[in-house]
Amino acid sequence: MRTIRKVSDKDLVQISKIEKECFPEPNYPYFFFKQLSSLPIDTFQVAENKSGEIAGFCFALKSDIDKETAWILTVAVLNKYQNQKIAKELTKSVMETLFSAGITTIKLSVRINNENAIKLYKGLGFKTSQTQENYFHDNELRYIMSLTQ
């Protein structure tokens with residue numbers, strides 16, 4: 001059994017470890033999560049096991065340019081907990097939070113070779129809207145996917 005809930009300061013060390021395991025380079029540093037967790041947002045969420053271990057996390061931010069759009073910036077689940085629908089639960093929870101706050105379009109970027117993530121996002125209704133080269137200056141192609149409610 002696990003709980004999806006808003007992040008707290010006590011989660012940040014575990015989140016930083018998950019980030020490094022899931023995204024060796026580039027990844028967000030610990031201080032980024034510390035600063036993000038201090039913002040008044042409900043879209044930084046974790047999946048916590050009954051033992052208190054954080055199995056994964058997801059966060060999204062609203063766009064400053066288009067007030068009805070938000071971006072899911074990261075979905076990450078520890079390898080030992082993958083294929084248990086945790087990423088789907090986290091993503092759906094964050095999506096519901098965004099839609100209930102008046103967001104009508106959610107976007108994200110994903111490496112074109114990340115077949116599991118693409119399958120997850122398509123299963124949630126996202127569609128590929130464009131392909132971009134060198135999106136993170138890492139010489140990799142990425143899909144930009146979007147979902148409009």
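Biologist: Which residue forms a salt bridge with Lys6?

Modeller: Lys6 pairs with Asp42 in a salt bridge whose closest N and O atoms are 3.7 Å apart. The term means a side-chain nitrogen of Lys or Arg within 4 Å of a carboxyl oxygen of Asp or Glu. Lys6 lies in strand 1 (residues 2–6) and Asp42 in the loop between helix 2 (30–37) and strand 2 (44–49), so the bridge ties together parts 36 residues apart in sequence. Helices (H or I, at least four residues) and strands (E, at least two) are DSSP runs, numbered from the N terminus.

Biologist: Before we go on, what kind of model is this?

Modeller: This is a predicted model, where local features need pLDDT of at least 70, side-chain atom pairs count only at pLDDT 80 or more, and totals for chains, interfaces and linings use all residues. Residues are numbered from 1 along each chain as its sequence is written, and side-chain values use heavy atoms, leaving out hydrogens and water.

Biologist: Are Asp11 and Arg5 buried or exposed?

Modeller: Buried means under 20% relative accessible area, exposed over 50%, and partly exposed in between (1.4 Å probe, protein chains only). Asp11 and Arg5 are both buried, and they form a salt bridge with closest N and O atoms 2.8 Å apart. Arg5 and Asp11 also belong to a salt-bridge network with Lys10 and Glu48.

Biologist: How many disulfides are there?

Modeller: A disulfide is a pair of cysteine sulfur atoms within 2.5 Å. This structure has 0. The sulfur of Cys22 is 12 Å from its closest cysteine sulfur, in Cys58, which is too far for a bond.
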